[in-house]
Amino acid sequence: MGTTAIAGPAAAQANPSAVADPQLWSALDSGPALDPTIESRIDALIAEMSLDQKVGQIIQADIASATPDDVYRYHLGSILNGGNSTPTGSYNAPATEWLEAADAYYAASMKRNGSLPRIPVIWGSDAVHGHNNIVGATLFPHNIGLGAANDPELIGRIGEVTAIEMRVTGLDWTFAPTLAVVRDDRWGRTYEGFGETPEIATSYAAPLIEGLQGKIGDEDWLRGPHIVATAKHFLGDGGTAGGKDQGDARIDEAQLRDLFSPPYLPAIDAGVQSIMVSFSSWNGAKMHGNQSLMTGIVKDRWNFSGFLVGDWNGHGQVTGCSATDCPKSIIAGLDMYMAPDSWKGLYESTLADARSGILPMERLDDAVRRILRVKLRAGLFESGKPSSRPYAGEFERLGSADHRAVAREAVQKSLVLLKNEASVLPLDPGATVLVAGDGADNLTKQTGGWTLSWQGTGTKRSDFPNAQSIWEGIEVAAAAAGGTATLSPDGTYSDKPDVAIVVFGEDPYAEFQGDRPDVGYDDANSLALLHSLQDKGIPTVSVFLSGRAMWVNPFLNASDAFVAAWLPGTEGGGVADLLFGRKEFTGKLSYSWPRSSDQTNVNVGDANYDPLFPYGFGLTTGENGELERLPEDRARAAPADENELFASGRPGAGRQLRIGVPGQLAANPAPDLITAQGADRNAQEDSVRLRWTGSGRAAAAIVQDAPSDLTRQSNGGLALELEFKVDEGPSKNVDLLMTCGNACVGGFPLQALLTKVAETGRWTRVSLPLSCFAEAGVDMSRVDTPLMLVTDGRLDITLASARIISPTGGQLSCQ
């Protein structure tokens, strides 16, 4: 089925290098055929629908900002739960609450509204490594690990398990699979890709989608144990310059086509019903506005008959658009806006555009038709409330033994053995094993991002009732082999062990918060632990948790065996199976391993390809696992912005956000006095909300790993700029301070300013000359805390950014 391009604001691309020529791309004439009965039903529905209802169908709102009543009043066609959105507001809302919420939103969409046809809502969720928003669900290795497994049959079974567990909670649509081809490992979403070439993603697309959706033509396609899947993110998301999330893929059309599009062809062949458009750009043109790709390629050249959904307010990044007003995206070929918190304003502007003709009725009707087609194919009109559908409410299926067995197999097949000196692996039966490292008994670290919360942080052991940490798996395996295992995170022991297993690696992250300046792994504590064990003559096995291939030469040198475990999910026993030889290592690298910390985009097939371990590398325990000593000099990291104190939801390089009692910020977080929580402004968790309870004196501060000399900046007229919103004004005075060591501090009272900002309810940007801090007594040559807010009273403030800038006006005076 083709779609005729509709002229409009997005029809002409500003940059010819961002306009695709469909004749240069493979043509497809596959996927599910149009069903005349369904098409007739769509015709009848569209004829009966009001304009308001049509507009509502193409808008998707987040459950954190849209109630069931909103679904009814605005005819919303879809809802989603963002990474931090749950039915109760708590990250660990029980599965029962999810099913109740699914019923409530469905009932609202089907509530009688005059003579208008009732159209069921569809709920989308990022179930990207299992049903990862749900306490107790089976969590699989992230895609980087599954790529190392290179097992299409296994990936199909993973899809089946995920679909059933989603059905248990009443959800019917997943934003998966991610089919990104990752070319620069600095990218914070690297672990979402199966590999650095299209090979594995292309082999996985069909079996994974069929596992999720079922097979075209089968009675249970999109029904029963199956759900609707999404291929994402179209297109070139893994090829942005510098590995920057939401960045720009500066490549020619042949590279865009040959590197990044191949997985989408089998996905469409397998009947994927939605494709998510990428945040990123191609040669300067945002994908959310690229008509040549969305309409010209996906719909016309590939005959895709499902619908294109946007990413989190991605339409608002199109030139000339905002999150609440963007006809260009729909005209260019987007069918459903993902407008999590902007939906109401977007609904109003889109309705006005449809009435005025800015948004042609032909394009609006086509978008609605595609959404209705998927809903009818999935049987949503007849299937009743979510709790009445197959598998709903069968909570015992979450993390069931058979599901966990699939996840454990995935872990076993995903681990890659990089070093094995003196055949230390497999471990000897009966060995006395010391298990150390901050990742050993740490399911938060083991499961990574997109686990109960967007960043995967803030979880606790009780949030994983059906899981096994790596330590827990080792403890069981050691006992079964006739040996003993002892957990000691810091590596101390009373009796010298025969061998030590040290589990360490990256802390959880997701999307842009995981972007890095290079791929060098720095962890002084873990390296010191390895050296200590090595110095004592204890053979040591490193189990490295990471969302990317990283430069770890010092850690390789300090280990007798080294295992790349990626982010294995909830089945720590799968790691133990390989360490104790119950299963053989079969995993092979789907990402080339860097030789130096600045080797950020080393990909097989590149000119001068010279990785430490090549694509496809992976030892078995029967092979020679010796490795010559490696150079340990770290290449200079890509320069960080030293003027960025806080941005994109995190402190700048070499800085930390700390809260608590002044003078004891590291030792006493004092949650009864102050809390810090991720907050959304323009993107998920791109800000931090700070709340003082008024129960005592407390502070929030950006502290530096090492003091900075800001003398030049102070003398040069630079300023400290803050961007923030005040939700509750201060009940007592608030001080804005800088510190420069013991008894070296200076700053200013902010109560009047914060009270005034609270009254406006708006985001506010203010700047204060650095010279003012110098005048207040700060030694600008050794600033160790460039920003601290202190108060005894109540205060609720959300900070979006803090920077040292060259001001353009609007500075506060030093008074």
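## Reading a predicted fold, feature by feature

Reader: What is the relative accessible area of Ser648?

Author: Ser648 has a relative accessible area of 35%, so this residue is partly exposed. Here buried means under 20% relative accessible area, exposed means over 50%, and partly exposed lies in between, with a 1.4 Å probe and protein chains only. Before we go on, please keep in mind that this is a predicted model: local features need pLDDT of at least 70, side-chain atom pairs count only at pLDDT 80 or more, and totals for chains, interfaces and linings use all residues. Residues are numbered from 1 along each chain as its sequence is written, and side-chain values use heavy atoms, with hydrogens and water left out.

Reader: Which peptide bonds are cis?

Author: Two to look at are these. The bond from Lys232 to His233 is cis, with omega near -5 degrees, and His233 belongs to strand 5 (residues 230-234). Another cis bond joins Phe234 and Leu235, with omega about 0 degrees; Leu235 lies in the loop between strand 5 and strand 6 (248-249).

Reader: How many helices and strands are there in the protein, and what is its radius of gyration?

Author: The protein has 22 helices and 29 strands. The radius of gyration is taken over C-alpha atoms, and the globule rule is 2.2 Å times the number of residues to the power 0.38. With 815 residues, a compact globule would come near 28 Å, and the protein has 27 Å, so the two agree. Its C-alpha trace spans about 75 × 75 × 50 Å along the principal axes, and buried residues make up 62% of the 815 residues.

Reader: Which residues have the most contacts inside the largest nonpolar core?

Author: A nonpolar core is a set of buried Ala, Val, Leu, Ile, Met, Phe, Trp, Tyr and Cys residues joined through side-chain atoms within 4.5 Å. The largest one has 131 residues, and Ile59, Ile275 and Trp302 have the most contacts inside it. Contact means heavy atoms within 4.5 Å. Leaving aside neighbours within four places in sequence, Ile275 touches residues including Thr230, Phe234, Tyr264 and Leu308.

Reader: Which way do the residues of strand 1 point?

Author: In a regular strand the side chains alternate between the two faces of the sheet. In strand 1 (residues 59-62), Ile59 and Ala61 point one way and Gln60 and Asp62 the other, and all are buried.

Reader: Which strands pair with strand 1?

Author: Strands of a sheet pair through backbone hydrogen bonds, either parallel or antiparallel. Two strands count as paired if DSSP finds at least two bridges between them. Strand 1 pairs in the parallel sense with strand 11 (residues 337-338) over 2 bridges. Strand 1 also runs parallel to strand 2 (residues 78-81), joined by 3 bridges. Gln60 stands opposite Met338 in strand 11 and opposite Ser78 in strand 2.

Reader: What is the order of the strands in the open sheet of 5 strands?

Author: The order is 20-23-28-25-26, with antiparallel pairing. Strand 20 (655-660) and strand 26 (745-749) are the edges, each pairing on one side only. Between strand 25 (residues 734-739) and strand 26 there are 5 antiparallel bridges, and Asp735 has Pro749 as its bridge partner in strand 26.

Reader: Is Arg183 buried or exposed?

Author: At 16% relative accessibility, Arg183 counts as buried. Its place is the loop between strand 4 (173-174) and helix 7 (198-213). Beyond four places in sequence, its contacts include Glu196, Phe260, Asn601 and Asp606. Pro16, by contrast, is exposed at 67% relative accessible area, in the segment before helix 1 (36-48).

Definitions and conventions:
Helices (H or I, at least four residues) and strands (E, at least two) are DSSP runs, numbered from the N terminus.
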